[in-house]
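Please read these points with the sequence and the model side by side. They go from the whole chain down to single residues.

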Amino acid sequence: MRKSQYLTPLLFLLPAFLLMVPFVIYPVLKTIYMSFFLEGKFVGLENYKHVLLSPDMINLDRFPTKSPPWGALIHNAVWIAIHLPTTVFLGLGLALLLRREEVKGSSIIKSIIFLGMVIPMVVGGLIIRFLFEEGVGVVPEFFKLLGIERLAITWTAYPETALFAVILGSIWIWTGFSMLMYSAGLASIPKDYYEAALIDGANSFQIFKNVTWPLLKPITIVVVAMTLLWDLKIFDIVYVATGGGPGGASMVLALKMWDYFARALNYNYAAVVAVLLTALTILPAMWLIRRRE
């Protein structure tokens, strides 16, 4: 009986494992292997040293006193610092606002906000490109009306603004996910908790602080983890909107990996960036998962 108990799940997992070996496990191991070689010779950590010390990856001569390019790794860090808290709290605010019964057409508004997640990322990149285009884009025209001429330009064409253009555009794309997750979390909280808090004389802020926010902790961890992973692997909207330019001012890790692979044809350096990107993805994800337990 015990053998059959172990054999059944193993047989159940066998087809998936057989597919994972050639398409997941082998490529991962091969990528790690390639990152330690250059032109067929074992070079140890030299590839990592070259990539990490490259100004294309970290440019401390320009960061933070000068405008981008700051290096792909710093660009991703700036992306996370701006995009993650903005989308988390903006999604939470929209979910709280549209939860109220007196808001007419809240489901339609949620659907409109969620459109950013539904459209392909390539289309999202094109939309971002036009949103920040001088003469036709909403953003330059808005600043033109305010009289701020230095921002009434094509944002994606200038190093000072290109990175922030794609970051702000990505906030519009990703906020729908955060809002949807928090809406589901708010719907799962029993109304009895709120009624009890009101009876005790709690105001709206106290109810949010002591009831809503603690009960939304599992949702917050999921939203933060998914947003962090998305920020680290961002590629398509940057490729379409700016191509990593001008002059590398909006280059990110995933695009730099592609640049090494497809343009420079340096597969070893591309493997190094892939390994670094995987490590940067797995470590925060594991920490957040442990926080949830």
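1. Basis of the note. This is a predicted model, in which local features need pLDDT of at least 70 and side-chain atom pairs count only at pLDDT 80 or more, while totals for chains, interfaces and linings use all residues. Residues are numbered from 1 along each chain as its sequence is written, and side-chain values use heavy atoms, with hydrogens and water left out.

2. The whole chain. The chain has 13 helices and 2 strands; helices (H or I, at least four residues) and strands (E, at least two) are DSSP runs, numbered from the N terminus. Its C-alpha trace spans about 80 × 75 × 30 Å along the principal axes. Of the 293 residues, 38% are buried. Here buried means under 20% relative accessible area, exposed over 50%, and partly exposed in between, with a 1.4 Å probe and protein chains only.

3. Contacts along the sequence. Contact means heavy atoms within 4.5 Å. Among contacts between residues at least 6 apart in sequence, 63% join residues at least 24 apart. Distances between C-alpha atoms give two further examples of sequence against space. Ser 111 and Gly 176 are 65 residues apart in sequence and 8.4 Å apart in space, C-alpha to C-alpha. Phe 23 and Ser 250 are 227 residues apart in sequence, with 31 Å between their C-alpha atoms.

4. Helices α3 and α10. How do these two helices pack? Helix α3 (residues 72–99) and helix α10 (residues 217–232) meet at an angle of about 145°, with axes 10 Å apart. The axes are lines fitted to C-alpha atoms, for helices over the stretch in contact, and angles run from 0 to 180 degrees between N-to-C directions. On the α3 side the contact residues include Trp 79, His 83 and Leu 84, and on the α10 side they include Val 223, Thr 227 and Asp 231. By class, this contact has 9 nonpolar, 4 polar and 1 charged residues. Ala, Val, Leu, Ile, Met, Phe, Trp, Tyr, Cys and Pro count as nonpolar, Asp, Glu, Lys and Arg as charged, and the others, Gly among them, as polar.

5. His 83. This residue lies in helix α3. Is His 83 buried or exposed? His 83 counts as buried because its relative accessibility is 0%. Its side chain is joined to that of Asp 231 by a polar contact of 2.8 Å. A polar contact is a pair of N or O atoms within 3.5 Å; within protein, one must be able to donate a hydrogen and the other to accept it, and residues adjacent in sequence count only if both atoms are side-chain atoms. Leaving out residues up to four places away in sequence, His 83 also touches Ile 167, Ser 170 and Trp 174, among others.

6. The core and Tyr 182. The largest nonpolar core has 62 residues, and Trp 79, Trp 155, Tyr 182 and Ile 237 touch the most other members. A nonpolar core is a set of buried Ala, Val, Leu, Ile, Met, Phe, Trp, Tyr and Cys residues joined through side-chain atoms within 4.5 Å. Beyond four places in sequence, Tyr 182 touches residues including Val 88, Leu 92, Trp 213 and Thr 220. Thr 220 is in helix α10 and is buried, with a relative accessible area of 13%. A polar contact of 3.0 Å joins the side chains of Thr 220 and Tyr 182.

7. Backbone points to check. Most residues other than glycine have a negative phi, and most peptide bonds are trans. Phe 63 and Pro 64 are joined by a cis peptide bond, with omega about 0°. Pro 68 and Pro 69 are also joined by a cis peptide bond, with omega about 15°. Pro 64 is in the loop between α2 (46–53) and α3, and Pro 69 is in the loop between α2 and α3.

8. Positive phi. Glu 39 is not a glycine, yet has a positive phi of about 55°. Glu 39 sits in the loop between β1 (37–38) and β2 (41–42) and is exposed, at 75% relative accessible area. Leu 265, not a glycine either, has a positive phi of about 55°. Leu 265 is in the loop between α12 (253–263) and α13 (267–292), and counts as exposed at 53% relative accessibility.
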